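Subject: Structure handover and findings

Hello,

Here is the structure for your files.

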Amino acid sequence: MEKKRPECFGDIETVFPKGENGLRHSPKRCLSCLHKTPCLRSAMKSIDGLTVKREMVDRAYKSGTMNFFQRWSQKKALYRKWADGSKDRQKRSRS
């Protein structure tokens with residue numbers, strides 16, 4: 001029997017918040033949760049997860065591990081995913 005998911009399931013700001021140093025981490029309470037892996041995967045697949053991915057691209061560019069064109073290409077792809085997700089949310093809200 002599967003245990004019920006907690007209310008925080010898939011909420012990026014709860015399961016992967018920014019720390020004082022500006023980097024994201026999972027809180028200790030999440031590490032002991034039975035749902036930690038699917039929860040974090042769900043959060044990263046969400047529209048809010050795209051924000052985290054954009055942050056990662058920006059950090060890679062600032063550190064020099066990614067050039068301008070790689071950054072531009074990845075940010076464009078992330079924007080397209082965000083736009084597609086926005087369209088899907090609008091369609092669902094109209095139904």
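Local features need pLDDT of at least 70, side-chain atom pairs count only at pLDDT 80 or more, and totals for chains, interfaces and linings use all residues of the predicted model. Residues are numbered from 1 along each chain as its sequence is written, and side-chain values use heavy atoms, with hydrogens and water left out.

Overall fold

The chain has five helices and zero strands. Its elements run α-α-α-α-α from the N terminus on. Helices (H or I, at least four residues) and strands (E, at least two) are DSSP runs, numbered from the N terminus. Of the 95 residues in the chain, 27% are buried. Buried means under 20% relative accessible area, exposed means over 50%, and partly exposed is in between (1.4 Å probe, protein chains only).

Salt bridges

Side chains of opposite charge can pair when their charged atoms come close. The cut-off here is a side-chain nitrogen of Lys or Arg within 4 Å of a carboxyl oxygen of Asp or Glu. A search of the whole structure gives five salt bridges.

One of them joins R24 and E55, with the closest N and O atoms 2.8 Å apart. This pair links distant parts of the chain: R24 is in the loop between α1 (12-15) and α2 (28-31), while E55 is in helix α4 (residues 47-63), 31 residues apart. R24 counts as buried at 15% relative accessibility. E55 is buried too, at 16%.

D58 sits in helix α4 and R71 in helix α5 (residues 68-94), so distant parts of the chain, 13 residues apart, are linked. D58 is partly exposed, with a relative accessible area of 23%. R71 is partly exposed, at 23%.

D58 also forms a salt bridge with K75 (3.0 Å, N to O). Because D58 lies in helix α4 and K75 in helix α5, this pair ties together parts 17 residues apart in sequence. K75 counts as partly exposed at 23% relative accessibility. Salt bridges that share partners also join E13, K18, R24 and E55 into one network.

Largest pocket

Rolling a probe the size of a water molecule over the atoms shows where empty space is left. The grid is 1 Å over the protein atoms alone; a pocket is an open set of points where a 1.4 Å probe fits, with protein on both sides within 12 Å along at least five of seven lines, and lining residues have an atom within 4 Å of a point. Grid points are joined across faces, edges and corners, and a volume is the space filled by probe spheres set on the points.

The largest pocket has a volume of about 160 Å³. Its lining consists of P6, C8, V15, S26, R29, C30, L31, C33, K36, C39 and L40. Helices α2 and α3 (36-45) each supply at least two of the lining residues. By class, the lining has eight nonpolar, one polar and two charged residues. Nonpolar covers Ala, Val, Leu, Ile, Met, Phe, Trp, Tyr, Cys and Pro; charged covers Asp, Glu, Lys and Arg; the others, Gly among them, are polar.

Aromatic rings

Rings of Phe, Tyr and Trp (its six-membered ring) pair if their centres lie within 6.5 Å; planes under 30 degrees apart are stacked, over 60 edge-to-face, and the rest tilted. The count is two aromatic pairs. F68 and F69 have ring centres 5.4 Å apart and planes at 80°, so this pair is edge-to-face. F68 is partly exposed at 44%, and F69 is exposed at 60%.

Y79 and W82 have ring centres 5.6 Å apart and planes at 35°, so this pair is tilted. Y79 and W82 are three residues apart in helix α5, about one helical turn. Y79 is exposed at 52%, while W82 is partly exposed at 36%.

Charges over rings

The rule is NZ of Lys or CZ of Arg within 6 Å of the ring centre and within 35 degrees of the ring normal. The charged end of R5 sits over the ring of F9, 4.1 Å from its centre. R71 lies over the face of Y61, 5.1 Å from the ring centre.

Best regards
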